[in-house]
Amino acid sequence: MKRRHTLLPPSLNGLKVFESAARHLSFTLAAEELNVTQSAVSRQIRQLEEHIGFSLFIRHHRALELTKEGKEIAQVLTRQYSELNRVLKQLKMKESSTLRVKVAMSFAVRWLIPRLHSFKARYPDLDIVLSSSLAHSSEEMNLDEDDYDIAIFNVQKTPNSQHSYHFIRKEYLAPVYSGLLTHSDTPLTVKEMLRYPRLHPTSDQSDWKIWLARNHLKNAVNHAGITFNTLDMALTSCLAGQGVAITDLMLVVNELQQGFLKLPQSAVIVANSDWEYYYQTHAMQTSAENDAVTNFINWLVSEQEKEKTVLFSMAEQYGWQVLTD
């Protein structure tokens with residue numbers, strides 16, 4: 001029998017190692033990705049180069065550069081591995097119907113998880129895999145990976161991405177506090193509220209700075225407060241009566257309706273902070289995945305619109321001003 005593919009190395013593992021090293025232009029990062037040592041990566045590349053008879057990398061003192069031949073082989077391998085991964089994914093989808101949702105942590109905890117049962121009730125046979133991230137931007141959430149079907153994130157500007165992304169809504173920022181803080185049913189004035197400790201979901205305290213600036217209160221300095229690294233922690237502290245937090249009100253509509261959280265009298269809701277929510281779908285999806293993603297997006301957008309209507313109705317009822325310009 002005539003042998004085929006005679007120029008390929010006896011073990012294809014060297015090609016896998018090379019593809020990773022070429023993508024990262026780093027033996028160290030390739031070793032981390034493949035869970036092997038850097039010396040093992042270097043050895044595999046050297047053996048591959050010896051087998052094919054030419055160099056794949058130009059090795060500088062502290063950097064790697066692909067040779068012309070290395071670039072050509074790397075492009076072929078990346079393209080073929082992506083195609084193989086897509087086929088394997090399609091075959092796995094035939095065995096089960098799964099929707100993988102990647103979402104920013106605060107949005108997952110404060111909004112999505114408490115409402116996910118209503119989507120699941122519509123599609124009881126759909127297996128949902130939910131993963132969260134402390135990151136916000138599409139780059140930080142590693143959306144070039146293939147571990148999701150739809151991702152939901154918020155950023156300060158329209159994200160740059162090779163994938164499909166779509167605007168969901170703006171944030172609606174305003175200060176909130178719990179009755180446990182004041183032990184009174186009478187709403188605080190803005191001036192009274194500013195005397196209480198401020199709760200910050202980020203170390204740069206940007207939410208408070210944005211809201212104060214839009215309300216011409218930039219000089220209302222108050223250094224007494226607590227800083228957290230997630231909005232969910234700041235809101236948990238707020239609900240416990242430990243201070244006042246700035247939040248996207250769409251994440252706490254239920255708490256506002258039930259009276260667990262309050263806004264100060266004549267509060268200004270900032271809707272022009274440049275923070276916006278987007279969803280992004282993965283580029284390689286099967287038809288079954290597309291159906292599940294479409295259903296999820298329709299449900300998500302519908303639920304967001306319902307709660308936006310509720311929020312604006314409450315704003316009218318309590319005299320809150322929505323600042324959009």
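Analyst: Start with burial: a residue counts as buried when its relative accessible area is under 20%. Keep in mind that this is a predicted model.

User: Is Ser-20 buried or exposed?

Analyst: Ser-20 has 1% relative accessibility, so it counts as buried. This residue lies in helix α1, residues 13–24. Leaving aside residues up to four places away in sequence, Ser-20 touches Ala-30, Glu-33 and Leu-34.

User: How is the packing of two helices described?

Analyst: Two packed helices are described by the angle between their axes and the distance between those axes. Here, the axes of α1 and helix α3 (residues 38–52) come within 9 Å and cross at roughly 115°. That makes α1 roughly perpendicular to α3. The crossing of these two helices is left-handed.

User: Which residues make the contact?

Analyst: On the α1 side they are Asn-13, Gly-14, Leu-15, Val-17, Phe-18 and Ala-21, and on the α3 side Val-41, Gln-44, Ile-45 and Leu-48. By class, the contact has seven nonpolar, three polar and no charged residues.

User: Which residues of α3 are buried, and what covers them?

Analyst: Ala-40, Val-41, Ile-45, Leu-48 and Glu-49 are the buried residues of α3. Their cover includes α1, α2 (27–34) and β1 (57–59).

User: How far does α3 reach from its first C-alpha to its last?

Analyst: The 15 residues of α3 reach 21 Å, close to the 21 Å expected at 1.5 Å a residue. After α3 comes Gly-53, which has a positive phi near 90°.

Notes. Residues are numbered from 1 along each chain as its sequence is written. This is a predicted model: local features need pLDDT of at least 70, side-chain atom pairs count only at pLDDT 80 or more; totals for chains, interfaces and linings use all residues. Side-chain values use heavy atoms; hydrogens and water are left out. Helices (H or I, at least four residues) and strands (E, at least two) are DSSP runs, numbered from the N terminus. Buried means under 20% relative accessible area, exposed over 50%, partly exposed in between (1.4 Å probe, protein chains only). Contact means heavy atoms within 4.5 Å. Axes are lines fitted to C-alpha atoms, for helices over the stretch in contact, and angles run from 0 to 180 degrees between N-to-C directions. Angles under 35 degrees count as roughly parallel, over 145 as roughly antiparallel, 65 to 115 as roughly perpendicular and the rest as oblique. A crossing is left-handed if the near helix is turned anticlockwise from the far one by less than a right angle, and right-handed if clockwise. Ala, Val, Leu, Ile, Met, Phe, Trp, Tyr, Cys and Pro count as nonpolar, Asp, Glu, Lys and Arg as charged, and the others, Gly among them, as polar. The expected span of a helix is 1.5 Å times one less than its number of residues.
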